[in-house]
Amino acid sequence: MGARVLVEGVSKRYGGDPSTPRTEALHEVSFELLPGSFTALLGPSGCGKSTLLNLVGALDKPTSGRILVDGLDIVSRSEPERDTYRRRTAATIFQFFNLLSTMTVVENVSLPLLLDGVPPRRADDAARQTLTEVGLDEKLTAFPYQLSGGQMQRVAIARALVVNPALLLADEPTGNLDSRTGNQVLDLIEELVSARGLTVVMATHSEAAAARATRVLHLLDGRLVAAS
Amino acid sequence: MTLYWALFSGLVIRPARRDRLRFLLTIAGIAIGVATVAAIRLANASVLSSFSSTVDLVAGRATLTILADGPGIPEDVLGRIAWLERIGAATAPAVSEMAAVAGPAGEVVEVLGIDPMSDAAVRPYVLERVEEGHGPGVSGEETLATLFSLFQKDTLLLPAPLSARLKAGPGDTVRLVAQGQERSFRVAGVLEPSGPARAASGAIVFADIATVQEAFGKTGRIDRIDIVTPEGTSLADLTRLQEEIASSLPAGISAGRPERRTETVDRMVRAFRVNLTALGLIALLVGVSFVYNTLSISVLRRRTDIGTFRALGASRGQVFLTFLAEGAFLGVTGGALGIVLGVALARLALAMVGGTVTDFYSPAARTELTIDPSILGFAFLTGVAASVFSSLAPALEAAAVPPAAAMRHGSVEALRRKGTVPLGLAGAASFVLAFLATLPGPVNGLPVFGFLSVFLSVAGSSLLAPAAVTTAARLLEAVARRVLGPVARIARANLSGSLSRTSVAVAALAMGIGMLVSVAVMVGSFRDTVILWIDQTLAADLFVTPASGRSNVSFGKLPQEFVDRVASLPSVAGWDAFLGFSATRDGVPFTVGSGRLDFIASQGNLPLVSGGDPRTLATTVRQKREVLVSEPYAVKFGVKTGDVIAVPGPRGDVTVRVGGVYVDYSNDRGTVLFDREMFCELFELDGAVSVAILLKPGLTPEEGIRKLREAFGEHFAVRIRTNSALRADALRLFDRTFAVTYALELVAITVAVLGVFNTLLALVIERRREIALLRVLGASERRVKEAVVFEAGVIGALGAGMGAATGAVMSFVLIHVINKQSFGWTIATHVPWLFLTAATLVVFVTTLLASWHPARLAAGVEPASALREE
Ligand SMILES: Nc1ncnc2c1ncn2[C@@H]1O[C@H](COP(=O)(O)OP(=O)(O)OP(=O)(O)O)[C@@H](O)[C@H]1O
Ligand SMILES: [Mg+2]
């Protein structure tokens with residue numbers, strides 16, 4: 001089941017100390033995501049997309065505001081609880097550098113399970129199965145540098161899905177790929193997501209990619225300007 | 001801005017500033033290595049140079065010096081070289097001895113007995129003050145006349161600084177201990193501290209030759225004749241003269257350049273010096289392994305920048321040179337720091353252990369640090385060369401980075417991983433070669449192949465390190481995954497993923513521990529062997545040596561009168577007396593000694609190399625008028641039982657047959673041991689350097705000492721030690737001698753642990769993004785920390801394990817090859833298990849502790865910001 005996400009009046013300011021200028025990356029952002037929805041965050045570079053995803057993914061804390069996931073505020077929770085939240089509830093995919101270069105494909109995918117206390121053998125089995133689902137059963141023991149960009153993103157997707165999260169956060173997952181490969185990756189996300197019914201947020205500055213989503217949030221200079 | 005500057009500042013200086021701690025550590029690593037090498041050589045050279053300056057100052061203007069290989073020059077040979085005067089050469093005979101100033105301070109001084117008539121032509125004396133009634137003596141002529149009038153029986157001259165120290169001016173009395181008896185001398189004059197008065201760091205007094213001969217029981221004998229040849233004598237003339245002099249004199253007495261005594265001493269300590277230098281070089285090797293690690297990480301982290309520079313037009317060569325320059329920069333900075341540190345260290349070493357070495361050459365000389373620029377240059381250049389050499393591989397790798405599109409992350413290490421098997425094979429081959437290198441004998445008296453074997457072992461273990469790291473990491477993951485789950489896998493991936501760095505850290509640690517193990521085993525075995533030997537040889541209850549206020553130095557000898565009186569004491573059940581002199585054969589020094597073989601025959605206190613019963617051997621050797629030789633002598637001169645050897649005597653060589661070889665750890669110069677009676681007769685000597693006394697049954701050592709003191713009263717200034725006191729003194733001396741060795745081990749270990757810290761720190765910095773990714777996947781701070789500590793644990797355990805194994809191999813080489821070939825001693829292996837286990841554990845725990853800061857750093861990585869970094 002997908003998660004219900006409620007973002008309430010979230011602001012994020014950086015800097016303010018003498019060395020870095022003060023920037024307000026997000027200003028009073030509020031919106032709600034329904035379970036199983038596929039939302040695109042659209043906006044030009046620097047508008048705050050990554051910042052917002054990082055906050056929802058508990059990689060960072062907002063300066064003010066609340067973020068409720070299935071009714072629980074992730075901002076005010078303890079660090080170990082936020083670790084668990086990242087492990088079990090919210091999975092993130094980045095534009096690049098998603099994989100640990102020193103681990104094989106299987107090891108990369110089974111890592112979140114291992115971190116969650118699943119015995120190694122079962123974790124590796126689950127990883128293999130998920131990799132088969134994304135069509136990478138032939139590259140199990142390859143290292144990341146031996147993969148193409150599209151293959152790497154598929155591994156990243158497999159790793160995000162292997163823990164059965166309720167929320168998938170994708171920060172420009174196709175930004176680094178040509179349009180054909182990008183489309184394949186988006187197809188895969190759509191397919192897997194609809195099968196599992198999880199909530200997806202995808203940051204992008206491509207209108208075409210955003211068109212895949214059921215809902216688009218427009219972000220400009222840290223403010224939500226329109227929803228469609 | 002030139003391109004090179006842009007490259008250097010962009011690829012080296014800026015990153016170094018960002019990463020200050022690690023760069024400082026690297027520089028410190030090199031500095032410590034360079035300092036060690038510099039300090040060892042400086043301290044050594046200082047001791048030698050203070051000796052050699054004494055030799056020069058005493059030789060004065062002499063161009064040739066006549067010395068005896070054996071126990072001095074009989075005075076009557078002076079007549080045989082009277083012809084030298086006729087060709088315009090000046091000759092000056094001299095007697096040199098050591099004496100202690102009576103009293104608690106007991107400063108040891110050299111006593112030079114000279115003939116005032118002839119000496120002024122050789123040694124320039126400048127008088128400062130004289131006793132009343134003699135001329136002031138400033139000009140040369142006057143000095144000669146004044147000297148002559150000053151040199152009466154039992155008067156002496158001393159340098160002004162010594163006069164001030166002893167608070168003894170002209171007319172005052174100075175009491176010196178000579179032949180175990182205190183004697184008074186009147187100070188006739190004070191010399192300006194110049195020329196011979198500066199010899200032995202100014203701890204020297206001058207007296208009439210007859211006075212010294214009488215006081216030290218050397219009547220009829222002189223130690224040297226210095227010759228000043230007429231001006232304009234060519235080198236060819238000198239050589240001819242040398243031959244003519246030799247033909248006028250008995251065999252074993254010859255003329256040569258005055259410096260040859262320095263050469264002899266140099267030979268004596270060469271083995272010691274070479275051994276220490278080799279240990280120092282290992283410390284340096286551990287130090288420069290830092291450079292490789294630092295640079296290799298630099299290159300890896302700056303691949304993108306390198307690619308950009310290449311795209312902007314920088315050539316391969318320029319990139320290569322930039323990283324080589326970084327290595328050179330580290331080497332130069334570390335080297336410069338190292339020589340400063342080295343000078344301080346040498347000063348410390350001289351202050352701490354100078355005594356041991358100084359006593360060895362001449363107890364009177366106080367050693368001041370001589371800063372020899374060529375030694376500093378050598379240490380500095382070794383550091384720079386080693387740094388540049390270790391930067392070669394990373395620099396080549398940097399040069400191979402293609403323009404713009406830097407290779408993908410991970411592929412570089414993957415390339416390096418491919419080398420694991422060939423490197424491992426090379427490592428195994430290196431160990432085979434190390435074994436083969438133990439087979440040949442010494443080269444020119446030095447265990448060259450032994451050192452080669454040690455270095456091959458070190459190289460072998462370093463080459464095997466990558467294979468060991470991958471295997472161990474995999475094994476440990478398999479074993480630990482149940483308990484540690486993800487941590488084991490993350491650590492394994494990190495270990496083999498950064499193989500080139502982790503294996504260098506392991507290799508450096510193994511080197512340090514290997515050194516610790518091998519030296520501990522060697523010294524431990526040596527110590528045990530020596531203890532056993534002391535127990536076997538110290539058969540007597542009391543040992544008497546001439547006293548010298550300074551309680552730990554024994555020199556000079558006791559007169560025959562003392563020996564005779566000991567022998568007749570009712571409380572004495574048996575006695576032995578040692579008497580000897582130092583001799584040379586073709587410039588190689590050894591000792592000619594004597595003891596009572598009948599005492600040995602009754603006590604059996606002379607363990608033999610061949611085993612066998614010393615009692616029967618001592619008896620037959622004495623009957624057949626043969627000699628025994630010590631093991632170092634046998635090894636050094638290649639002599640075995642049954643051989644006939646020649647020993648320099650006062651009237652030419654004495655030839656004797658070797659009846660057996662005995663075990664002796666008291667000196668590495670080698671000893672030819674005669675029966676006392678035969679020795680005294682052959683070499684025209686009497687008295688004793690030390691007397692061993694067996695007390696009548698029922699007497700405790702303390703009672704024995706009291707009885708001796710009663711018998712001799714104040715007449716003899718002697719030091720009497722009990723069996724257990726002498727034993728303790730011997731071990732104390734042993735431990736002091738090896739203190740330097742332990743200090744060196746400590747240095748290597750410290751540097752190696754710093755190396756682990758440095759590597760972990762670098763790896764954490766390098767992996768910031770990967771750590772951030774782990775956090776994104778939900779790894780807690782604790783997990784991230786645990787992974788770093790686990791990694792450190794594997795490095796520590798592997799380093800300890802490989803170090804112990806290499807150390808075992810190296811200790812075998814040290815004991816059976818290097819030590820045997822350098823000093824001639826056979827040592828029974830004894831492993832100090834407790835110490836080794838404790839030491840290895842300490843190193844392992846320290847390695848874990850060293851991971852604390854890097855682990856905290858890793859846990860502090862903030863995922864959001866770390867992922868933003870380029
Ligand atoms: N750690 C930080 N310190 C200071 N400023 C920051 C930091 N992170 C983000 N910013 C600023 O916040 C603003 C939003 O950045 P963010 O990365 O969220 O934009 P984005 O929409 O993801 O852009 P892009 O499409 O280029 O990825 C930018 O102006 C950026 O400079
Ligand atoms: Mg972004």
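**Figure 1. The salt bridge between B:Arg175 and B:Glu182 in the predicted model**. B:Glu182 is partly exposed, with a relative accessible area of 38%, where buried means under 20% relative accessible area, exposed over 50% and partly exposed in between, for a 1.4 Å probe and with protein chains only. B:Arg175 is likewise partly exposed, with a relative accessible area of 38%, and it forms a salt bridge with B:Glu182 in which the closest N and O atoms are 3.0 Å apart; a salt bridge is counted when a side-chain nitrogen of Lys or Arg is within 4 Å of a carboxyl oxygen of Asp or Glu. This is a predicted model in which local features need pLDDT of at least 70 and side-chain atom pairs count only at pLDDT 80 or more, while totals for chains, interfaces and linings use all residues. Residues are numbered from 1 along each chain as its sequence is written, chains are lettered from A and ligands numbered from 1 in the order in which they are written, and side-chain values use heavy atoms, with hydrogens and water left out.

**Figure 2. Two buried salt bridges of chain B, B:Lys218 with B:Glu97 and B:Arg123 with B:Asp226**. The closest N and O atoms of B:Lys218 and B:Glu97 are 2.9 Å apart. B:Lys218 lies in the loop between α7 (209–215) and β10 (221–222), whereas B:Glu97 belongs to strand β3 (residues 90–101), so the pair ties together parts of chain B that are 121 residues apart in sequence; helices (H or I, at least four residues) and strands (E, at least two) are DSSP runs, numbered from the N terminus. Both B:Lys218 and B:Glu97 are buried. In the second pair, B:Arg123 forms a salt bridge with B:Asp226, and their closest N and O atoms are 2.8 Å apart. This pair links distant parts of the chain, with B:Arg123 in the loop between α4 (116–119) and β5 (127–130) and B:Asp226 in strand β11 (residues 224–228), 103 residues apart. B:Arg123 and B:Asp226 are both buried.

Figure 3. Just after α26(B), B:Gly778 takes a positive phi of about 100 degrees.

**Figure 4. The helix pair α14(B) and α15(B), with the nonpolar patch that includes B:Leu439**. The axes of α14(B) and α15(B) come within 7 Å and cross at roughly 155 degrees, the axes being lines fitted to C-alpha atoms, for helices over the stretch in contact, with angles that run from 0 to 180 degrees between N-to-C directions. That angle makes α14(B) roughly antiparallel to α15(B), since angles under 35 degrees count as roughly parallel, over 145 as roughly antiparallel, 65 to 115 as roughly perpendicular and the rest as oblique. In the loop between α14 (420–436) and α15 (448–484) lies B:Leu439, which is exposed, with a relative accessible area of 57%. Together with B:Val432, B:Leu433, B:Phe435 and B:Leu436, B:Leu439 makes a nonpolar surface patch of about 500 Å². Patches are made of residues with over 30% relative accessible area and no salt bridge, with like charges joined within 9 Å and nonpolar side chains (Val, Leu, Ile, Met, Phe, Trp, Tyr) within 5 Å; accessible areas come from the Shrake-Rupley method with a 1.4 Å probe, and for residues only the protein chains shown count as cover.

**Figure 5. Two loop residues of chain B with positive phi, B:Ser201 and B:Arg625**. B:Ser201, in the loop between β8 (181–191) and β9 (204–208), has a phi near 55 degrees, a positive value in a residue other than glycine. B:Arg625, in the loop between α20 (614–623) and β16 (627–630), has a positive phi of about 55 degrees although it is not a glycine. B:Ser201 is partly exposed, with a relative accessible area of 29%, and B:Arg625 is partly exposed at 41%.
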